[in-house]
Amino acid sequence: MIELTLYTRPGCHLCEAMAAALAVGPWAGQVRVTEVEVGWSGPLAERHGSHLPVLTLGEREICHAFLDEAALARALAE
């Protein structure tokens with residue numbers, strides 16, 4: 001199982017849409033997604049604040065704002 005991290009913020013419709021897409025795509029059985037709430041201040045907010053949601057594999061950013069299925073497929077193949 002490949003571990004992905006989805007950085008989100010409560011009430012973010014883009015975050016909700018990306019989480020939903022990750023749950024039903026062809027990769028659903030291959031990945032486990034951990035959601036991390038960024039909040040409005042602190043290091044995570046400074047790093048990801050204006051680009052949410054952000055999907056990462058380890059420290060590597062796969063995509064932000066919208067799910068990039070091609071980028072996710074490439075990351076999972078590596």
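Me: Why is Gly49 called partly exposed?

Reply: This is a predicted model, and in it Gly49 has a relative accessibility of 21%. Buried means under 20% and exposed means over 50%, so Gly49, at 21%, counts as partly exposed. You'll find Gly49 in the loop between α2 and β3.

Me: What makes Arg9 and Leu44 contacts of Gly49?

Reply: Contact takes heavy atoms within 4.5 Å. Once you set aside neighbours within four places in sequence, Gly49 is in contact with Arg9 and Leu44.

Me: Why is Ala65 called buried?

Reply: Its relative accessible area is 18%. The cut-off for buried is under 20%, so Ala65 makes it. Ala65 belongs to the loop between β4 and α3.

Me: What makes the phi of Ala65 worth a look?

Reply: Most residues other than glycine have a negative phi. Ala65 isn't a glycine, yet its phi is positive, about 70°.

Me: How do you know that β3 and β4 pair?

Reply: Pairing needs at least two bridges. β3 and β4 have four, in the antiparallel sense, so they count as paired. One of the bridges joins Val54 to His64 in β4.

Me: And how do you know that β1 pairs with β3?

Reply: Again, at least two bridges are needed, and β1 and β3 share three, also antiparallel. There, Tyr7 stands opposite Val54.

Notes: Residues are numbered from 1 along each chain as its sequence is written. This is a predicted model: local features need pLDDT of at least 70, side-chain atom pairs count only at pLDDT 80 or more; totals for chains, interfaces and linings use all residues. Side-chain values use heavy atoms; hydrogens and water are left out. Helices (H or I, at least four residues) and strands (E, at least two) are DSSP runs, numbered from the N terminus. Buried means under 20% relative accessible area, exposed over 50%, partly exposed in between (1.4 Å probe, protein chains only).
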